[in-house]
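Here is a short briefing on a protein model. Look over the sequence and structure first, then read the points below.

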Amino acid sequence: MRKILLFLLALLPALSFAQGFQVNLEGQKQIGMGHTGTGLLQDGASVFFNPGAMAMLPQNYIQGGISPLIFKSVFNPSGSNDQFYTKNKIATPFSFYAVWGPKSNWWKFGVGVYTPFGGLTDWGNQWQGKYALESLNLKAIYIQPTLSIKLADFVSIGGGFVYNIGSVDLTRAIPVSDANGNDGQARLKGTGHGYGWNAGVFFKTESGITVGIDYRSKVNTTIKNGNAIFGVAPSLAANFPQPNTFTASIPLPSTTSLGFGFYPSKRWTLAADVNYVHWSVYKVLAFDYAQNTATLQDTYSPRNYKDAVSLRGGAQYAASDKLFLRAGGGYATTAVLDGYVTPEAPDANRYYFTGGLGYKLASRLDLDVSFEYEKLLSRTQTNIESQLSGTFKTHVYIPGVSLAYHW
Amino acid sequence: MKNFKLYLYILLLTGLYACKPSVQTPAPSHGSADFSRYISVGNSLTAGYADGGLYLEGQQNSYPSIIAKQMASVGGGSFTQPLFADAQANGSGYLQLTGFTATGSPITASVTTNLAVTGQTAIPGFGNVITYAKYTGTDLNNYGVPGIKLLHVTLASYGNLNGFYERLLTGAEGTHNTAYLDFITAKPFTFFSNWLGNNDALGYATSGGAGDLLTDKGTFATLYSTVMTRLTASGQKGVVATIPDVTSIPYFNTVTVAAILAGVQKANPAVQALFINAKSDATAAGTTYAARPATANDLIVLTFPTAKIGTLVSTPAGMLPYGLTPYSPIENQYVLDANEVALTKDYVIAYNNTIKSVAASKNIAVNDMYTFLNNLKAHGLVVDGVSLSSAYISGGIFSLDGVHLTPRGYSVVANEFIKAINTQYGSNIPLANVANYRGVKFP
């Protein structure tokens, strides 16, 4: 008669996307200049930054780059001196572009494969927030075939179709102990896909300033039949049926960009970009399990993100015919309202500085290296769902290298 | 040029590991308190009693030991507990969860190996007292004694009546004459916690109002003053805790009248009510009991053997089903009936008024566990992604006996003490990480 009918646990698979998951590493030349490029004609990365600019590119390109990213976050629980760190793990955002068109013709075709969203966070299984999150590995790879057309000498347009391959692998502890006092473990692992598009327009004005406008659409990514793996004490196994699957849908937000290029002298290129990221599409995170129990309910967690803005600026100096020096920086506002900050990507307003070098290894081969340092302003928060309370502070270090062949 | 870039690249990469972010935390401060020798005074909750017994793991996760650990950074000294030896780690024995029945009821079993029990001694005029392996260490900071009431603290012979106290004393069982209050104040200390008084109400309540008495309110007030005067005799600072409303614990809220009745009605839909032997008034002096139908305001104890319901028992009116007729009511010791609940609540409120006013008069911090546990019962509590409540087993706070706490529950309590201390003395003892402490163990 001592009935324990319900084991109501805080089992809310809180997977939250945030500004922290937007990976702004889509080309080494552009990263060096503060990740500007919507209003510039730099190289094949225009496939991402502004498909409208592609037809104006003077050459054809094949290029690839990688930006190993180290995300170093610290959490200091409220009222405590403890400092919990994320583990040293290196994520590998990459970009690959190919752009081709007949010489001096009115069109160009391109394809891009790049990683505009992702995250790799591993807090380990000993930290204070382990019941909110242990680790998360999230990837979105966009594949984008693109066509660009020069309408006149001063204006071109372009657009591409986006196919997204997304994957998620999340682990967290479940607050029920087994006979040895160890926590239960939950792991959600799955892949999904989604569709979208990317279109832009590019102008060369009479004053010599170049202007680009780009819109990358929302990509609704649905993870269907992902594996929901639960490890709990045997007497509780019935509460967490195995095997089980989950379905979740996550909108990757659209981004509107406006960019300018200025050319004060032959050696100098200056660029400025404004991005508006429509994070407000991210209202809720819903998880639908194939098999529910009293303990394992479908969840519906409010996220209520707000739109975010980032401002960027950068410069390139041609030190010689072969060597280019680049520098830039920017500021991005957070999409996450107070009370919704989670350890997946402890989001906050952030600023960043970048630097880069470009070197022509041969007349047709560019080597570019970049480095970016991002600093997320510290944010002291109590999450309304988990009540995890404390201060997050994050530094991100991103070296990068790319090779571009052009003809 | 190439070498230069390579060099730059290596430089950048090595730089990464040097620049870990860190959060500035306030400099550790003990405020106006001195934590160098902290002693804890209290009963089973202070001793780390859990799952119906005192055993090593419970002792190691007692709230005073957690507080002491957290005090280390603000000038806290070593903290010694009367731990059971590893070979006798199961102490007095305790309950373990072994599984669930098909209907979801928990099955528990007693741990009976590796006990520290040394025997049983008959104490004239009292009865048998179980004795335990003596604690032989010279240092002692945790003076928690399971079972002790405030009423007992000046009783010189108490060492002979309580095996858990006896094991802390030198000398043979039957010969002790050190009152608890003299024992805890024998060595100098700089800071204390005092959570005495629970058993003065709980003993009455858990016996269904049948096996024990409530300590007189006036006696409680006098003794509490005496204890606090002694504990602060050399200007020591400390913290006291109020006594929980006994009805806020799962011991009284898990086996409910409605649940039992529903079970009976499943087999026999004609049954209208359970009958209990209930107290006729809410005064301490009243001794009249009479059978009446049970209501939701009558609390059935967790240990009630529900299988008894409906079994035929002999009554003056013949053989009748237990608990289902006014002639065969559920016995008094299994029910804290509405009048007994009211009486207990009234006493607990009076005790707590004493605790708060004595503490205020001596400028001592108060951890209001009465309010905290009532809030826990009413609203639950979410800490670091863990949903806690005062539900039995699933709530995470209370151990299998429904009265004492799990390590996780004790860590939550330790944090409440720490908050009260920090507020009163301007110290900043860091809070304990609740996620590091377990709830109920599931097989």
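In chain B, four strands make an open sheet with parallel pairing, in the order S1-S6-S7-S14. Strands (E, at least two residues) and helices (H or I, at least four) are DSSP runs numbered from the N terminus. Two strands pair if DSSP finds at least two bridges between them. The model is predicted: local features need pLDDT of at least 70, side-chain atom pairs count only at pLDDT 80 or more, and totals for chains, interfaces and linings use all residues. Residues are numbered from 1 along each chain as its sequence is written, chains are lettered from A and ligands numbered from 1 in the order written, and side-chain values use heavy atoms, without hydrogens and water.

**The sheet in chain B**
- Strand S1 (38–42) and strand S14 (365–367) of chain B are the edges, each pairing on one side only.
- On average, neighbouring strands of this sheet are turned by 20 degrees against each other, direction ignored. Axes are lines fitted to C-alpha atoms, for helices over the stretch in contact; angles run from 0 to 180 degrees between N-to-C directions.
- Helix H4 (residues 63–71) of chain B packs on the sheet and touches S1 and S6 of chain B. Its direction makes about 160 degrees with that of S1(B).
- Strand S6 (residues 191–195) and strand S7 (residues 237–241) of chain B run parallel, joined by four bridges.
- Phe191(B) stands opposite Lys237(B) in S7(B).

**The interface between chains A and B**
- Contact (heavy atoms within 4.5 Å) links 57 residues of chain A with 53 residues of chain B.
- The buried area is about 4700 Å², and carbon and sulfur atoms give 62% of it. This is the accessible area (1.4 Å probe) that two parts lose on being put together, summed over both.
- Twelve residue pairs are in polar contact between chain A and chain B, both residues at pLDDT 80 or more. A polar contact is a pair of N or O atoms within 3.5 Å; within protein, one must be able to donate a hydrogen and the other to accept it, and residues adjacent in sequence count only if both atoms are side-chain atoms.
- Several strands of chain A each supply at least two residues of the side that touches chain B, among them S8 (155–177) and S20 (365–382).
- S21(A) gives the most to that side, with seven residues.

**Backbone exceptions in chain A**
- Most residues other than glycine have a negative phi, and most peptide bonds are trans.
- The peptide bond from Gln242(A) to Pro243(A) is cis, with omega near -5 degrees.
- Pro243(A) lies in the loop between strand S11 (219–231) and strand S12 (244–252) of chain A.
- His35(A) is not a glycine, yet has a positive phi of about 60 degrees.
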